[in-house]
Amino acid sequence: MAADNALAHDERLTVPRTWWAIVFAFGLAMALVFFPYGAAAALVAFAIGGGLASSFAMSQGAMRIRVTPKLLVIGDARLPLNALGEPQALAGDEARAWRTYKADMRAFLVMRSYISTAVRVEILDPDDPTPYLYVSTRAPEQLAAAIRDAARSGEARGHDQRS
């Protein structure tokens, strides 16, 4: 049973470090706006502005991608591997194309503007109107391989159980 919960891939889509410099600059800008009202007002504005910007940055970096032997878990979504087709690692122009002019508005998209690579996987379930999923990832080859390997091992386990 523990093997059913083993992670084949685990990734958190964290924001780049430069965003934290922007968070600090936003807090500083707020402090400068309120500085004419005194140092205490400037400190409170710095704390509130920095806190608001931090919460935004952390919410953008909260997305987690996991591959278990039976599921692809993206945030709150749980997709059974037997409903997914062959994963395709995307980079450069191909990833940009699937984010823009090749994109289908029915697709399940998990995009992060600060990550330029992705994985695209067709949805094979005939009852699901979603044609494919597109997931931003910093490790497209590893995620695609993890989906492929977990799906194959799941098929082998299912075949063994039926025999």
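Biologist: Is W19 buried, partly exposed or exposed?
Modeller: In this predicted model, the relative accessible area of W19 is 21%. Buried means under 20% and exposed means over 50%. With 21%, W19 therefore counts as partly exposed.

Biologist: How are the rings of W19 and F56 arranged, stacked or edge-to-face?
Modeller: A pair of aromatic rings is described by the distance of the centres and the angle of the planes. By the rule used here, the count comes to 5 aromatic pairs. For W19 and F56 the centres are 6.3 Å apart and the planes stand at 5°. Planes under 30 degrees apart count as stacked, so the pair of W19 and F56 is stacked.

Biologist: How many residues apart in sequence are the parts that W19 and F56 tie together?
Modeller: W19 lies in helix 1, residues 17-34. F56 lies in helix 2, residues 39-60. The pair therefore ties together parts whose separation in sequence is 37 residues.

Biologist: What geometry does the pair of F34 and Y37 have?
Modeller: Their ring centres are 6.2 Å from each other, with 45° between the planes. Stacked needs under 30 degrees and edge-to-face over 60, and the rest count as tilted. The pair of F34 and Y37 is therefore tilted.

Biologist: Is Y37 buried or exposed?
Modeller: F34 has a relative accessible area of 33% and is partly exposed. For Y37 the value is 67%. The cut-off for exposed is over 50%, so Y37 is exposed.

Biologist: Which residue forms one aromatic cluster with W19 and F56?
Modeller: F56 is partly exposed, at 48% relative accessible area. W19 and F56 belong to one aromatic cluster, together with Y114.

Biologist: Which charged residue sits over the ring of W98?
Modeller: The charged end in question is 3.9 Å from the centre of the W98 ring. The face of Y132 also has a charged residue over it, at 4.6 Å from the ring centre. In the case of Y132 the residue is R120, and over W98 it is R120.

Biologist: What is the bridge partner of I65 in strand 3?
Modeller: Strand 2 (residues 64-67) and strand 3 (residues 71-74) run antiparallel and are joined by 3 bridges. The partner of I65 in strand 3 is I74.

Conventions:
Residues are numbered from 1 along each chain as its sequence is written. This is a predicted model: local features need pLDDT of at least 70, side-chain atom pairs count only at pLDDT 80 or more; totals for chains, interfaces and linings use all residues. Side-chain values use heavy atoms; hydrogens and water are left out. Two strands pair if DSSP finds at least two bridges between them. Helices (H or I, at least four residues) and strands (E, at least two) are DSSP runs, numbered from the N terminus. Rings of Phe, Tyr and Trp (its six-membered ring) pair if their centres lie within 6.5 Å; planes under 30 degrees apart count as stacked, over 60 as edge-to-face and the rest as tilted. Buried means under 20% relative accessible area, exposed over 50%, partly exposed in between (1.4 Å probe, protein chains only). A charge sits over a ring if NZ of Lys or CZ of Arg is within 6 Å of the ring centre and within 35 degrees of the ring normal.
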